[in-house]
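Please look at the sequence and the structure together as I speak.

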Amino acid sequence: MKQTLLNRPRRRLLAMAAAPAMLLPAAPAHAILDWLAERAADNRRKRYDAVLDKALVDALYVLEEDGKKEGLVPALRQAGYKLNGLNIDLVAMERILFNTGNMASAEEKMRAFVPDVGADPVAALYAGAAKARGNVAKAYKPAFSGRLNRMYKQPLVFGQGRVEWFDRDLSFIEWTPEGRVVSLLLHAYQASTSMGVFLTRHSTVLLGPANARHVENNIRNSEFADFELRTL
């Protein structure tokens, strides 16, 4: 059984609501746009307030100007990541790695890909947040990442002209000293055709009791041990 990860913000509905404002006189149009902006800010505040694990989310995500702006922490923005979604039990982000020109080139790059935990800024922040509250983050081998990714619905857009890889990178699990799962960090890759072929890394942090118990209840303890790479 897969867990649902992401309910995207209703940007399209907001855009449709804003369209009539373009036909109004300047003052009413500005009032409508201000109202829409405040509604959007209020929705961001409510979404953040509902997050189940703010300590972990705050290590990755920022909400600024009373909800008028949201995004990722500076270290992730500087590394090229952008926010893909925030929900009660997840933070999703993405980074475009290459414009490869064609799908064959993207597939070749993924065949040659070798994960390096030391060069992963998302994993570094994730592990730091775990340590700050007395937990540990453990890295797991790509074959196990494929297993974990299949347990959750990925926040990707699937369809023609797109290819995905779920078992090429490391995955990470946060554990308490008592051996309970607290959160997960999963990476997936997608090549998509649009003015060339863009190869994108999608990183999703899963948090909250439901996600933690889902992996605990469906993975044997021996599998955690067999695929563990190391503790960060």
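**Aromatic pairs**

Across the whole structure, a search finds seven aromatic pairs; rings of Phe, Tyr and Trp (its six-membered ring) pair if their centres lie within 6.5 Å, and planes under 30 degrees apart count as stacked, over 60 as edge-to-face and the rest as tilted. In one of them, the rings of tyrosine 48 and tyrosine 61 have centres 6.0 Å apart and planes at 20 degrees, so this pair is stacked. The pair joins distant parts of the chain, with tyrosine 48 in helix α2 (residues 26-49) and tyrosine 61 in strand β1 (residues 61-64), 13 residues apart. Helices (H or I, at least four residues) and strands (E, at least two) are DSSP runs, numbered from the N terminus. Tyrosine 48 and tyrosine 61 are both buried, where buried means under 20% relative accessible area, exposed over 50%, and partly exposed in between (1.4 Å probe, protein chains only).

The model is predicted: local features need pLDDT of at least 70, side-chain atom pairs count only at pLDDT 80 or more, and totals for chains, interfaces and linings use all residues. Residues are numbered from 1 along each chain as its sequence is written, and side-chain values use heavy atoms, with hydrogens and water left out.

A further pair is formed by phenylalanine 144 and phenylalanine 227, whose ring centres are 5.4 Å apart with planes at 10 degrees, so the pair is stacked. Phenylalanine 144 belongs to helix α7 and phenylalanine 227 to helix α9, so the pair ties together parts 83 residues apart in sequence. Phenylalanine 144 is buried, at a relative accessible area of 1%, while phenylalanine 227 is partly exposed, at 28%. Tyr140, Phe144, Trp175, Phe224 and Phe227 form one aromatic cluster.

**Serine 171**

Which residues does serine 171 contact, leaving aside its neighbours within four places in sequence? They are Lys138, Ala139, Tyr140, Phe144, Ser145, Leu148, Leu185 and Leu186; contact means heavy atoms within 4.5 Å. Serine 171 lies in strand β7 (residues 171-175) and counts as buried, at 1% relative accessibility. Its side chain makes a polar contact with the side chain of serine 145, at 2.9 Å. A polar contact is a pair of N or O atoms within 3.5 Å; within protein, one must be able to donate a hydrogen and the other to accept it, and residues adjacent in sequence count only if both atoms are side-chain atoms.

**Helix α6**

The buried residues of α6 are Val122, Ala123, Tyr126, Ala127, Ala129 and Ala130. They cover an arc of only 160 degrees around the axis, which puts them on the same side of α6; the arc is that of the directions from the helix axis to the C-beta atoms. The face turned away from this buried side carries the exposed residues Ala124 and Ala132. Just after α6, glycine 134 takes a positive phi of about 85 degrees.

**The whole protein**

Of its 232 residues, 44% are buried. Among contacts with a separation of 6 or more, 69% are between residues 24 or more positions apart.
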